[in-house]
Every structure is written in structure tokens, then in C-alpha cells.
Amino acid sequence: LLAAQCERGLFQEVFPAQSAEEQLPALLEPGRPPLAAYCGFDPTADSLHVGHLLPVMALLHFQRAGHDVIAVARALRAGLERLFGNHRELFWEPGAGRLGRAALLDNARWLGREPLLRFLGGAGGRLRMGTLLSRQSCQARLRSAEGMSLAEFLYPALQAYDFLHLHRHHGCRIQLGGHDQMGNIMSGYELVTKMTGAEVFGITVPLITSTTGDKLGKTAGNAVWLNREKTSPFELYQFFVRQQDNVVEKYLKLFTFLPLEEIAHIMEMHAKEPEKWGPQKRLAAEVTKLVHGREGLESAKRCTKALYYSSVEALEEMSDQELQELFRQATSAELLLEPGMTVLDLCRKANAIPDGPSGYRKITDGGVSINGNRVTNPETVLILGQHILKNGVSLLRVGKKNYYIIKWLQL
């Protein structure tokens with residue numbers, strides 16, 4: 001497990017280095033009793049985002065190796081349950097050995113019952129101020145214009161206490177987190193070892209950054225969410241399809257369960273046929289399937305065909321939800337189909353063109369398309385099956401970006 005994930009680049013740093021090197025490989029050997037590993041997730045948002053995927057992948061790789069995993073979150077519970085469920089259903093072969101247990105816990109259950117004075121006299125007495133103040137994250141906040149509140153300063157202490165509680169009550173010996181969590185993980189290690197004498201470990205995973213080098217996430221304002229209401233399966237799929245050649249091999253290793261030999265073959269084929277974007281499409285498919293399931297992947301592919309390949313068949317198969325997701329800024333209108341209704345009538349009833357000659361010219365100049373097909377004769381009568389799809393919908397586009405979703409009544 002350790003060697004494989006270090007080779008993939010998923011496990012970036014293992015702490016403490018010496019004892020981890022000496023003891024952890026033996027503890028993780030197949031046939032040994034399973035270990036428990038945990039990761040905590042920031043509960044201040046109502047959805048996971050792409051930046052959370054690598055800690056989740058780390059938990060899943062532990063689970064696949066037969067070890068038990070714990071995710072500490074409340075608001076994010078539904079998203080984590082979906083990821084663990086999709087993995088179990090779509091990426092795990094029943095005969096492949098033991099799939100470790102997965103538990104989703106809320107740390108309010110133990111932190112909320114811990115009296116302040118008892119916490120300060122117990123865990124608080126074992127955490128040293130010098131060490132906490134020396135952490136890079138603490139130093140950065142102290143130097144910032146906003147400064148650092150007491151609540152923010154105590155956050156590492158509470159996270160350390162989570163590790164202690166999970167070690168005592170769930171046998172947890174490994175804490176996973178993003179590389180920026182190393183200081184907090186070290187605090188947890190120090191607290192557990194001082195209070196129990198047990199040997200525990202921390203493992204960090206890389207941070208995913210944007211093309212400008214910014215960390216992807218809620219705070220940076222560039223989050224790609226894993227909740228469908230915030231980021232559709234199509235948008236998630238497109239995020240990974242658009243990844244550049246210089247990162248796609250790395251992302252295939254980090255974000256998928258594909259064997260390294262298969263990834264190498266995919267990259268070999270890509271070198272011969274780069275115009276097919278094979279690695280990007282495989283990456284996007286694997287991640288979308290993990291996050292949104294098989295149906296979510298099919299939805300993403302339908303939307304891709306409809307938008308980029310003007311596929312009438314894909315448009316006809318799309319649900320109302322998919323149309324709204326694909327054309328988030330589109331205006332929706334419900335219209336009655338009247339005998340002899342023309343393209344010009346449709347555009348005017350949808351308020352898609354101005355009245356008078358300029359609206360007429362908008363059509364004759366080629367600025368209007370229906371269901372992906374340009375129409376240049378304003379007097380063309382609307383035809384069922386051509387201008388109006390089998391699902392009772394027309395997709396009207398005026399100019400390059402102005403979409404109108406027309407739902408026809410009483411067809």
C-alpha cells in the first residue's frame with residue numbers, strides 16, 4: 001500500500017519519517033490485523049469539492065487494502081456516503097478480498113461533551129505553546145492584517161483531540177490530510193504519543209492547484225464542487241477533460257484506480273494520437289463515475305454531445321434537469337404550437353430577437369439556430385421532429401451564447 005501510493009504520487013509525506021519507515025510497512029502487510037485511518041473534512045461548506053478528492057482517494061486506497069477508514073464530517077456526510085457507495089458498487093470486485101469498513105462520524109459527538117476545564121487540564125496541558133506558534137499556518141495568520149482569533153489558534157488542538165479520541169475509541173493509528181495539514185497532523189501525533197505512548201502516523205496527500213498555482217477550494221473561490229446542485233456532472237467532466245498534457249498522466253495516477261501499466265499504455269497511445277485527447281477523456285470518465293455514478297457519467301456524455309457535437313439524439317434524450325444544468329443562463333419559455341407557426345414567430349414569442357427589421361435580419365444573417373441547426377429563412381414553418389424534438393423541447397440559440405429552452409405545450 002505505501003509503496004504503491006508513493007509511486008502513484010498520492011502519499012506525499014509520511015510522518016514521523018523514521019518510525020514510519022521502520023514500522024508502518026510491516027503494520028500494513030496483507031494478513032496483519034487491519035489498521036484504522038481517518039481524515040477530517042472542513043464542515044463550513046455544504047459540499048465537497050475537487051480539492052477534497054485526494055484525501056478521499058487516500059481513504060479508499062486504505063479501504064481497498066482491507067483497512068478500516070473514518071471520515072469526520074457532518075454537513076458533508078451525504079457527499080462522502082455517495083463517494084464510498086459509488087466506489088463499492090462500481091470500482092470494487094466482490095472477490096478481491098476484504099473491503100475495509102467505512103465510518104462517517106461527527107466530532108461534535110465527543111467535542112461537544114468535553115468540559116472546557118477538563119480539556120485544558122488534559123489535552124491542553126500536553127500541547128506546547130512554542131510548537132503551536134511555530135507552525136507555518138499559525139505564523140502566516142499572525143502576520144496577516146486580520147490577525148488570528150483564539151478560536152482559530154485552538155483549531156489544531158481540537159483536531160489533535162479528534163485523533164486522540166479516535167485512537168482511544170476506534171483504534172485509529174493513521175491520520176490523513178492535505179499537505180497543508182501537516183502542522184495539525186503533527187500536533188495530533190504529539191498529543192496521542194504523549195497521552196497514550198502509542199506509535200501513530202500521519203500521511204499527507206498533494207494539494208491540487210489551478211493553472212495559476214492557486215489551491216483549489218472554497219476559500220480561493222475556484223472550487224469545482226462534487227454536489228450536483230453546485231457543479232453538474234457535465235461541468236465536472238469538462239473540468240477534467242480540459243486538463244493539459246503536462247498534468248494528465250499525474251492526475252490519472254492520483255484520481256483513478258487504473259493500474260500504472262494501463263496508464264502508461266494510455267499515454268503511449270496519446271503520444272501517437274494526441275488529437276483524440278484519450279487520457280483526458282478517460283480521466284474525466286473515471287472521476288465523474290466515482291462522484292456521480294454511472295448515470296452521472298452518461299448525463300455528462302449526453303450534455304457533451306448536445307453542446308459540442310450538436311447531437312439531436314442527445315438533446316432528445318436529455319431530461320429537464322440536464323437542460324437546466326447545461327444551459328444555466330438560458331431563458332426558459334413555455335409556448336403553444338399554433339398552426340403555421342414560423343421561425344420568426346418562435347423567436348418573437350420567446351423574446352429572443354428585437355421587433356422590426358433588425359430581428360428579421362438577425363435570422364437571415366445566420367444568427368439563429370434551432371437544435372444546433374442554423375436557420376436563415378424567417379418564414380420557415382416549424383416542423384415536429386426537426387425544429388421540435390420528440391421530448392417536446394426546442395433549443396433556440398441567438399448569437400453565440402444566448403440560449404432559450406422552449407417547452408411546447410399540448411403537442
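Is Leu132 buried or exposed? At 10% relative accessibility, Leu132 counts as buried (buried is under 20% relative accessible area, exposed over 50%, partly exposed in between, with a 1.4 Å probe and protein chains only). A quick note before the close-ups: this is a predicted model, where local features need pLDDT of at least 70, side-chain atom pairs count only at pLDDT 80 or more, and totals for chains, interfaces and linings use all residues. Residues are numbered from 1 along each chain as its sequence is written, and side-chain values use heavy atoms, leaving out hydrogens and water.

**View 1. Leu132 and its contacts.** Leu132 sits in helix 8 (residues 129-134); helices are DSSP runs of H or I with at least four residues, strands are E runs of at least two, and both are numbered from the N terminus. Setting aside residues up to four places away in sequence, Leu132 touches Leu127, Cys138, Phe153, Pro156 and Ser187 (contact is heavy atoms within 4.5 Å).

View 2. Six strands line up in the order 1-6-5-2-3-4, with mixed pairing (to pair, two strands need at least two DSSP bridges between them). Strand 1 (13-15) and strand 4 (102-105) take the edges with a single partner strand each, so one side of each has no neighbour in the sheet. From one strand to the next, the twist averages 20 degrees (axes are lines fitted to C-alpha atoms, for helices over the stretch in contact, with angles from 0 to 180 degrees between N-to-C directions).

**View 3. Strands 2 and 3, side by side.** Strand 2 (residues 36-40) runs parallel to strand 3 (residues 68-72), joined by 5 bridges. Here Cys39 stands opposite Ala71 of strand 3.

**View 4. Helix 2 on the sheet.** Helix 2 (residues 17-27) packs against the sheet, touching strand 1, strand 5 (172-178) and strand 6 (201-205). The directions of helix 2 and strand 6 make about 95 degrees.
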